[in-house]
Amino acid sequence: MSRVVAADDNMTSPFFTPEFNGVSGRASSSPTFAQLLQNVGDTTRRGGHHDQHHVDVDLTSPDQSVPFVLSFTDLTYSVKVRRKFTWRRSSDPGAPSSEGLFSSKTKTILNGISGEARDGEIVAVMGASGSGKSTLIDALANRIAKGSLKGNVTLNGEVLNSKMQKAISAYVMQDDLLFPMLTVEETLMFAAEFRLPRSLSKSKKSLRVQALIDQLGLRNAANTVIGDEGHRGISGGERRRVSIGIDIIHDPILLFLDEPTSGLDSTSALSVIKVLKRIAQSGSMVIMTLHQPSYRLLRLLDRLLFLSRGQTVFSGSPAMLPGFFAEFGHPIPEHENRTEFALDLIRELEGSAGGTRSLVEFNKGFRQRKAEPRTQTGLSLKEAISASISKGKLVSGANTTNPDSGSNPGSTIPTFANPFWVELAVLAKRSMTNSRRQPELFGIRLGAVLVTGFILATMFWQLDNSPKGVQERLGCFAFAMSTTFYTCADALPVFLQERFIFMRETAYNAYRRSSYVLSHSLVALPSLIILSLAFAAITFWGVGLDGGLIGFLFYFLVILASFWAGSSFVTFLSGVVPHVMLGYTIVVAILAYFLLFSGFFINRDRIPGYWIWFHYISLVKYPYEAVLLNEFGDPTKCFVRGVQIFDNTPLVAVPRGMKVRLLATMSKSLGMRITSSTCLTTGYDILQQQGVTDLTKWNCLWVTVAWGFFFRILFYFSLLLGSKNKRR
């Protein structure tokens with residue numbers, strides 16, 4: 001088939017030169033950027049030998065059939081829409097007079113959509129809002145759950161399994177989901193680390209990224225951060241091209257895009273479509289949704305598919321539009337944008353009594369009269385993929401075909417490009433790089449911890465060993481432990497901001513969910529250690545707690561375990577709660593309940609039996625009891641001597657002499673000698689009074705740490721079950 005390059009000459013990359021051709025040595029006007037790496041080694045070789053059989057295909061010959069054809073037939077997708085609660089009167093005299101009903105109806109999103117897309121083409125799906133554009137892209141990209149979608153989608157006549165489709169395709173979401181503090185080059189390099197195999201050296205990955213930067217026209221912005229609302233970065237058009245670059249780093253055969261020009265000005269939109277045109281000409285198939293393209297954009301499109309309420313109202317090349325609407329009785333006026341006219345007419349028909357039924361029926365007849373000969377590839381899927389790999393595409397799919405794999409071309413595709421530990425290292429490096437460039441976030445959290453510690457230290461400065469000092473210690477410990485959990489609430493928006501980046505990356509197996517959870521935990525530890533050390537140093541020495549250096553080290557470990565458990569708990573909630581404000585509300589409420597049942601406000605022995613279970617699942621209980629055991633664990637240390645026994649009674653106001661005489665009277669009655677220096681209450685007695693007798697201080701510490709691991713495991717399962725990328 002012939003291909004017309006509509007991109008401007010100034011979009012030509014200096015890397016695209018005729019001498020690079022990976023198949024037969026002939027000049028090629030638009031080689032893939034993977035071929036540019038052949039001067040440092042063939043990306044599909046291992047040990048100097050090809051891993052697969054290559055099929056020699058000359059795409060420049062007019063007689064040669066197209067290597068890839070994506071066909072879709074009778075795609076139908078419906079959802080159940082639940083209506084509001086309504087009341088209906090019963091016709092049965094013996095039945096109640098009325099009953100409440102939750103009625104539902106079935107809404108058809110796609111209704112018998114058929115068509116095809118060819119290698120080297122850009123296919124644009126257009127229509128009004130709610131016409132089914134994005135749903136069709138999701139259907140073709142295998143983003144609709146099995147059983148929900150009816151119809152067939154085949155590539156070269158063969159149904160793609162999920163594993164194969166992930167290896168040879170890419171899906172670019174409508175929103176630009178990027179880390180704001182990474183540069184363009186770093187963003188693409190991290191994508192290369194995730195998607196390209198470990199067998200490809202770092203220098204070759206870097207060279208691929210550099211070639212991609214030139215192909216995307218991002219050379220001038222390569223070292224500029226992406227930016228966000230608070231940090232100046234690249235422009236909107238450049239952000240969109242970076243988003244595209246992330247997903248085409250492995251040079252896929254199929255590229256799906258949802259509204260790639262949404263929110264861009266005409267110049268930026270044109271530059272994005274030019275990039276997509278060049279990607280298509282490099283041997284990819286580009287299918288995207290588009291909203292009212294300009295005349296210049298229309299020249300770059302090869303095939304249009306107009307939808308209206310889930311049905312096809314036009315399918316063909318842009319050149320067919322005038323003849324189509326002229327035969328329909330609505331000729332396109334001269335000098336008017338063809339797509340704008342078509343969309344306006346479709347909207348007008350949708351608002352009429354008959355809807356677009358007449359246009360749908362006319363399109364069926366028009367397609368029969370003007371039917372193009374069905375494209376024949378002449379190649380099996382296995383042969384076509386092998387031919388693409390030999391031309392430099394699918395770098396991460398070098399094992400996509402194997403002479404021993406039989407007829408199934410996806411039998412030897414690795415699920416992930418890299419081993420677990422490589423993913424872990426890359427994820428940790430990316431997260432730390434992004435966080436390091438936002439020091440104000442950690443600075444605010446550290447400042448909050450320092451201020452809280454300073455207030456506690458000055459409020460409870462150098463407590464004595466009197467009965468009042470004991471009560472003040474209990475209050476200090478309860479507030480300190482609850483504070484460590486509340487300050488962890490800032491971890492809530494971290495994953496909520498990364499959620500869609502995570503979903504995009506794991507949709508095509510960039511890395512394992514377990515790698516993400518573990519790296520997320522490891523990256524959080526250094527900051528938790530710093531916060532714990534700062535808080536422990538201020539409060540331990542300021543309040544004058546017992547135990548010396550050993551006591552301080554244990555106190556520090558308890559604070560660290562509290563931060564760890566609190567951070568894990570909040571991280572788990574971020575995996576199940578979709579909104580920040582809702583998450584904060586839940587965190588504050590649950591932590592308040594944990595404090596209530598910790599044993600500070602009411603002893604364990606006084607908690608009603610029907611609430612005692614909450615006492616044992618309280619995150620605050622275990623670190624609170626650990627610091628109590630650390631402080632009052634010395635059986636020789638005395639906290640109530642002689643007349644101090646009256647301090648928490650109405651007799652506290654009695655003169656000291658009277659208290660001494662009362663002690664003498666009590667001594668005679670009890671048959672034991674009690675003086676003003678006699679120890680009446682030790683630390684062990686205080687622990688007994690508080691009901692802290694079940695666990696040792698080390699057991700309390702290990703339980704707190706275990707809670708942290710437990711919530712990290714729950715976070716993993718929330719990602720496994722709650723971050724599906726498919727429609728139901």
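**Notes on the predicted model**

1. Let's start with the big picture. Of the 728 residues in the protein, 53% are buried. Keep in mind as you look around that this is a predicted model. Its secondary structure comes to 23 helices and 14 strands. There is also a figure for how far contacts reach along the chain: taking contacts between residues at least 6 apart in sequence, 76% join residues at least 24 apart.

2. Next, some helix packing. Two packed helices are described by the angle between their axes and the distance between the axes.

3. Sorted by class, the contact of helix 5 with helix 6 has five nonpolar, three polar and two charged residues.

4. Now for another pair, further along the sequence numbering. Helix 14 (residues 467–486) packs with helix 17 (residues 548–576) at an angle of about 40°, and their axes are 8 Å apart. That angle makes helix 14 and helix 17 oblique to each other. Helix 14 passes helix 17 in a right-handed crossing.

5. To see the contact for yourself, pick out Met-481, Thr-484 and Phe-485 in helix 14. They meet Val-558, Ile-559, Ser-562, Phe-563, Ala-565 and Gly-566 in helix 17. How many charged residues are in the contact of helix 14 with helix 17? There are no charged residues in it, while six are nonpolar and three are polar.

6. On to the cysteines. How many disulfides does the structure hold? It holds one, formed by Cys-638 and Cys-679, with their sulfur atoms 2.2 Å apart. The link of Cys-638 and Cys-679 is right-handed, with 110° about the S-S bond. Cys-638 sits in strand 13 (residues 638–641) and Cys-679 in strand 14 (residues 679–682), so the pair ties together parts that are 41 residues apart in sequence.

7. How accessible are the two partners? Buried means under 20% relative accessible area, so Cys-638, with 9%, is buried. Cys-679 has a relative accessible area of 34% and is partly exposed.

8. You'll find Gln-210 in helix 4 (residues 202–215). Is Gln-210 buried or exposed? Its relative accessibility is 17%, so Gln-210 counts as buried. If you leave aside its neighbours within four places in sequence, Gln-210 is in contact with Glu-185 and Arg-219. Have a look at Met-189 too: Gln-210 and Met-189 are 21 residues apart along the chain, and their C-alpha atoms are separated by 9.1 Å.

Technical notes
Residues are numbered from 1 along each chain as its sequence is written. This is a predicted model: local features need pLDDT of at least 70, side-chain atom pairs count only at pLDDT 80 or more; totals for chains, interfaces and linings use all residues. Side-chain values use heavy atoms; hydrogens and water are left out. Axes are lines fitted to C-alpha atoms, for helices over the stretch in contact, and angles run from 0 to 180 degrees between N-to-C directions. Helices (H or I, at least four residues) and strands (E, at least two) are DSSP runs, numbered from the N terminus. Angles under 35 degrees count as roughly parallel, over 145 as roughly antiparallel, 65 to 115 as roughly perpendicular and the rest as oblique. A crossing is left-handed if the near helix is turned anticlockwise from the far one by less than a right angle, and right-handed if clockwise. Contact means heavy atoms within 4.5 Å. Ala, Val, Leu, Ile, Met, Phe, Trp, Tyr, Cys and Pro count as nonpolar, Asp, Glu, Lys and Arg as charged, and the others, Gly among them, as polar. A disulfide is a pair of cysteine sulfur atoms within 2.5 Å. Buried means under 20% relative accessible area, exposed over 50%, partly exposed in between (1.4 Å probe, protein chains only).
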